[in-house]
Amino acid sequence: MAGDRCYELAFPGATDITYRHLAGVVTGRLLNNVGDPFEHGHGRNHTKDVEVRVVRWLGELFEAGADVWGYVAGGASEGTLHAVDEAATAHPDVVVYASAAAHYSVAKAARLVRAPLVRVETDEHDRMRLGHLRDRLLAHPGRAAMIVATVGTTEREAVDDVAGIAGLCDELRIERRRLHVDAALAGIPRALLPDGGRPGFGFGSGATSLVISGHKFPSTLTPCAVVLYPRRPCGPDQQRISYIGSADTTISGSRSGHAPLLLAASLLGQGRAAHRRRAQRSRELAAYTYDSLRRIGWPARRLPDAFTVTLAQPRPLPRPWVLGGDERTGRIICMPGVEQAWIAELVADLDDQLRGRIRVPAPRLTSRTSGAGRDRGRGEARVEGAVLQAAVRAEAGRHEGVRDGGRRLADQHGALQAQSEGFDHAAGRGGRR
Ligand SMILES: Cc1ncc(COP(=O)(O)O)c(C=O)c1O
């Protein structure tokens, strides 16, 4: 398997819950939940009863009511495609609206159902601007609307105002509408926030469908998602298919019967209180990350309650960290499973860059066992000042990506200053302490 998990900080997969007790069934049995989860069909090799329990558990969390319907999909992208397809099937003239910060899967879904996609501007916190949404809706009079709101945008974890969007549609008297909530990353942790601090974005706030990813906060360790509706959508897919003995109301047809077991073990098995604690730990780690970056003068941003911290992209990236993003902005997502020691180590590497030193990391074992200290077992060398260039040249032969490192390091301070626009950072500079 490629890579060492602890270096990957940019992607929102939790890894703290594991399922050794399910190893036998996951590796030893065929389980296919083909078709509608609420109809058993001909086959016996399925886990549809467990799937329905997962759907109901999440339905309760998001205030879907007793008639909740949904299924375990291959990922949140599939869930959003299901919702967009449902809207386009019910209303063939539908226009899809999503903010500029929405996940790319929304554009893909609109393209697949041949619906026009209208982009809505975001505010300075990456939330959909309701004023601009109003203008966009008014520009398409008489057309049905499918608005995709995001709860936890991919880059910064911004939360769109779902109740505000529903209210705006009421005010504009748009009755032929859908309001899908892409809550892939932040849906569960935000729904578990205490009263008073919890944003309203579920079915009680006007959502008509919602999706969460299983491999993000729930830590299913394999890609999956759950898409939910307050009631079974009507549509042509409700007819029974004789081959499988049920309707196929899903996008994918054959579906994993193992994923519902993992979801149930995480969600129902751990329970709300444990997940609330996991979410709180992640928020604390994100606060620690943000503070640590500020302390060394590295430009960083974090929205309230977010697991995500964005930072000025280091150039060159201290190997072997994976911070995703683009030329200008990198990302650290403090998912459950990320350890404080890793963040401390990364911040130390960034600090070294600022101070004109470079560390030469040696391959190490997974940090589940090495979290005790950043210097232990690392086999690192510190190379200072005059020997920096020589060390970088020597390393360049062994490590792709540090070529020209000496020159680029020298440019680091200037580049950081240029990048720091738009980031709040304590020192107000990206320079040396
Ligand atoms: C907001 C948002 N929606 C959808 C997705 C895609 O989720 P999945 O990987 O489950 O398809 C992501 C992935 O990061 C995301 O951040």
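Two strands are taken to pair if DSSP finds at least two bridges between them, and the strands themselves (E, at least two residues), like the helices (H or I, at least four), are DSSP runs numbered from the N terminus. The structure is a predicted model, in which local features need pLDDT of at least 70 and side-chain atom pairs count only at pLDDT 80 or more, whereas totals for chains, interfaces and linings use all residues. Residues are numbered from 1 along each chain as its sequence is written, and side-chain values use heavy atoms, with hydrogens and water left out.

On these terms, Gly-70 has Leu-228 of S7 as its bridge partner, within an antiparallel pairing of S1 and strand S7 (residues 225-229) that extends over 5 bridges. This pairing belongs to an open sheet of 7 strands, with mixed pairing and the order S1-S7-S6-S5-S4-S2-S3. Strand S1 (69-73) and strand S3 (117-120) stand at the edges and have a single partner strand each, so that one side of each lacks a neighbour in the sheet. Neighbouring strands are turned against each other by 20° on average, direction ignored; angles run from 0 to 180 degrees between N-to-C directions, and axes are lines fitted to C-alpha atoms, for helices over the stretch in contact.

Strand S6 (209-213) pairs with S5 in the parallel sense over 3 bridges, His-180 having Ser-209 of S6 as its bridge partner. With S7, by contrast, S6 pairs in the antiparallel sense over 4 bridges, and the partner of Val-211 in S7 is Val-227. Of the 5 residues of S6, 5 are buried, so the strand is largely enclosed by the rest of the structure; buried denotes under 20% relative accessible area, exposed over 50% and partly exposed the range in between, with a 1.4 Å probe and protein chains only. Both faces of S6 are covered, with Ser-209, Val-211 and Ser-213 buried on one side and Leu-210 and Ile-212 on the other.

Helix H5 (residues 130-138) touches strand S2 (95-99), S3 and strand S4 (145-150), and its direction makes about 150° with that of S3. Helix H6 (residues 162-171) touches S4 and strand S5 (177-182), its direction making about 170° with that of S5; contact means heavy atoms within 4.5 Å. The buried residues of H6 are Val-162, Ile-165, Ala-166, Leu-168 and Cys-169. Seen down the helix axis, these residues fall within an arc of 160°, and they therefore line one face of H6, the arc being that of the directions from the helix axis to the C-beta atoms. They pack against H5, S4 and S5. The axes of H5 and H6 come within 11 Å and cross at roughly 35°, and Leu-130, Leu-133, Arg-134 and Leu-137 in H5 meet Gly-164, Ile-165, Leu-168 and Glu-171 in H6. H6 is followed by Arg-173, which has a positive phi, near 55°.

The loop between S6 and S7 contains Lys-216, which an unreviewed UniProt entry annotates as "modified residue: N6-(pyridoxal phosphate)lysine"; UniProt positions are given in the numbering used here, feature names are shortened, and annotations may be inferred rather than shown by experiment. Lys-216 counts as buried, at 16% relative accessibility. Neighbours within four places in sequence being left aside, Lys-216 is in contact with Pro-12, Gly-13, Ala-14, Ala-184, Leu-185 and Met-335.
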